[in-house]
Structures are given as structure tokens and as C-alpha cells.
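Please keep the sequence and the model in view while reading.

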Amino acid sequence: MSGIEIIGDLGYLLLFSAAIGIIAYVLRQPLVLGFLVAGILIGPFGPFSLIKDTTMLTEFSEIAIVLLLFGVGLAFPITHLKSIGKLGAVIAVIEVVAMLGVGLGVGLAFGWSMMDSMFLAAALSISSTAIIVKVLEEMGVIEEPSSLLLIGVLVIEDLIAAVLISTLHSSVLSGGFSIDQMLWEIARIGMFIGGTVAFGCLGMPKVFALLSNIPRYELTILVALGLAFGLSFLSQELGFSAATGAFLAGVILAGSRFSEDIINLITPIREVFVAIFFVTIGALMDINIIAQYWLPILVITIVTIVGKTASVYLGVRLFQLGPNNALGIGLSMAQLGEFSFIVLMIGQDLGATSSFLFPIVGMVVVLTTILAPFLIKKGTKMLVAY
């Protein structure tokens, strides 16, 4: 695309997003839902079809995920990570293992190949960090204990996602499952997180001590965003999620006296890119696919919501937090998101999956994203202090 075409598409996108967002606000609906509808209307499959190429949207969406998770990390210091570590890890592992089994069973039940079923299982196993965080922010409960637990589980799931991606990749190339590869990936993630946090906590306070002597906020925000995008790039290059690097960058800076200023400075631009992220999901929705594959789409959507709610409920109940908390957190995590697209794109690039799998799961992502604000709102109302 030429530069002027990108500018035109951005113009259409922002204006439609604002217009539909206003309607959603007047109707007291989540803005996320408005952005999804805007994407459906102006995407290549929508009635207006103003945006023909979603490549630009996808690239901007990656920036949105980095900014979103960086902001979350800024409000999530290391002490919070320690407090939810064991609980978050158990819930995440139970949910992922359960959904891997459910996804594999559903794929095989439809008569799909083992490889299609494996990639389906991986796509269903991880909830969307970006979607959940955005809805929690809209509701003003992002700093509640239950929300911090949710975010902790999501971060751990992102780390598990990195292991899944690497394991699937090596399984396709080698023609078999390798436990050694999985253990090596777990070790690599541990070294990356430990090294990043140690280096950041030792080095960044000195950098910001120097910046405190220069009364120019531009330098502070440049260093902060440079760290966020730099760690995201490094994380991606190492085979992990870019969201993991962005979150760690925020955690490193969360203890500094500049964290509040950085949050205020990045919020406006972050909101623009996050809107683009949700418009992109809507733009990928092809109504024709629903008619052709309505049964697997319906079954997988129901299985995703029920399976995630039930598995998270089980994980929370193991720590005796009460049925309301367990069900509330479970409902809040009952959707798919960006990870599902990443997994299926890898399957396509490797030639390991059938052509029908991406549009089917893509439609499930869209449908669960549309339902997510209502499920999260219902779930958060059920939560009590613990």
C-alpha cells in the first residue's frame, strides 16, 4: 500500500470507530463492542468495505498489544507478581491443559487430522490478555485484587503460549512430539524473565535518576517506550510473545517514581492503537463463513466458553476462594484472542493445517470477543474480596 492509501484507511477507521463508539456509549454498551462493529462494517467483508487490505491493521494491532501490556505492567510491580505467583500458575496450567484436551477431542470428533486437531487445541488454550485488560479498564476495576489475579493468570498463560508455539513448530518440522524441546523452552523462558527483571531492576533506576535532573518529559517517555518496544522485539526474536516483553518492561518501571507520569503520557496514544486492535478483529469477520461452517463454529464457541469457565472454576476452587470468585473469574476468561491467530498463522506458514481451520477459529475469536464484555461484566459482579 502507498502512504496516501494508509492515511485514507486510517481516516476511515478512526472516524467509523469514533462514530460507532459514540453509539455504543449512548446505548451504555462497552466501547470494545462498538469497535468490533466498526471493523465489521468497514472491513473487506463488510457492507461498506472501505478497507481492502488488513495487513496495515494487523501491524498496528501488534503495536497496540505492546502498549496495552506495557501499561498493565506499569501498574503491576514485582510484589504483586509474587503475591499471585502460585495461585496464578495453578489456575493457568489447569485451564491450558483442560482446553488442550477439549480442543484435541473436538477436532478429532469432527474427523479432522491430528495436526489440525493439535493446532485447534493450542488455539483454544489461551485467553486474550488484550481483550480482558481493556474491558477491566473500561469498568474501572483494573486494580482490584481479583483483576490483578486475572492479569497474573493471563501473563503466565502468555508464557505457556510461548512453549506451545515452540513445541508445535518443532513437532511439525521433526514429525513428532519432543518433551526435550518443551523442557528447553521452559528453561529459556525462566532465564529470560529472571535476566530481564534482574538487569532492569539494577540498571533502570540509575537511568531514571539521571533523567530526573533533566526537566523534559519527552526524554522520559522516549526511554520508557524504547524499553517497552526493545524488550518486546527481543522477546519475539527469542520465540516468546511480544506481550511478555512489554509486560516485563512495565514491571521493571513500576517501582520508579516516574511510573505514574509514564502511564499518563502513553494513555492517549495507547487508546488509539487499542481501538485499531479491536477494529482489526471485526474486519476479519466474514459472514459467509458462518453459513458454510456454522456447526463447527457454534460447537467450538460453546466449548470454549464452557470449557474455560469450568477449568478456571476448578483451579480457583482448589485454593478455597469461594464459588462466586471461582465462577466470576472463570466467566471473565471465557474467550479467545490474539494468540489463536498467531498459532493458526504458524500452522498455515508451515503447511501443517487445512485451509478451513483459520477462518473457523477466526470466527470463534470474533464471537467470543463480542460476548466477552458481557461475560466479564457478569463475572466481576460476582467477585468478592479475598
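## Serine 311 and its setting

In this predicted model, serine 311 has its place in helix 13, the helix that spans residues 294-317. Its relative accessibility is 5%, and because buried means under 20% relative accessible area, serine 311 counts as buried.

Once the neighbours within four places in sequence are left aside, serine 311 is in contact with Ile94, Glu95 and Ala98.

## Polar contacts of the side chain

The side chain of serine 311 reaches two backbone oxygens: that of glycine 307, at 2.9 Å, and that of lysine 308, which lies 3.2 Å from a polar atom of the serine 311 side chain.

## Packing of helix 6 with helix 11

Two packed helices are described by the angle between their axes and the distance between the axes. For helix 6 (residues 129-139) and helix 11 (residues 259-283), the axes come within 12 Å and cross at roughly 125°. That angle makes helix 6 oblique to helix 11, because angles from 65 to 115 degrees would count as roughly perpendicular and those over 145 as roughly antiparallel. The crossing in which helix 6 passes helix 11 is left-handed.

On the side of helix 6, the residues that take part are Ala130, Ile131, Lys134 and Glu137, and in helix 11 they meet Arg270, Glu271, Val274, Phe277, Phe278 and Ile281. By class, the residues of this contact of helix 6 with helix 11 divide into 6 nonpolar and 4 charged, with no polar ones.

Note on methods
Residues numbered from 1 in each chain as written. Predicted model: local features only at pLDDT ≥ 70, side-chain atom pairs only at ≥ 80, totals over all residues. Heavy atoms only, no water. Helix = DSSP H or I, 4+ residues; strand = E, 2+ residues; numbered from the N terminus. Buried < 20%, exposed > 50% of the residue type's maximum accessible area, 1.4 Å probe, protein only. Polar contact = N/O pair within 3.5 Å; in protein donor to acceptor, adjacent residues only side chain to side chain. Contact = heavy atoms within 4.5 Å. Axes fitted to C-alpha atoms, helices over the stretch in contact; angles between N-to-C directions. Parallel < 35°, antiparallel > 145°, perpendicular 65-115°, else oblique. Left-handed = near helix turned anticlockwise from the far one by under 90°. Nonpolar A, V, L, I, M, F, W, Y, C, P; charged D, E, K, R; others polar.
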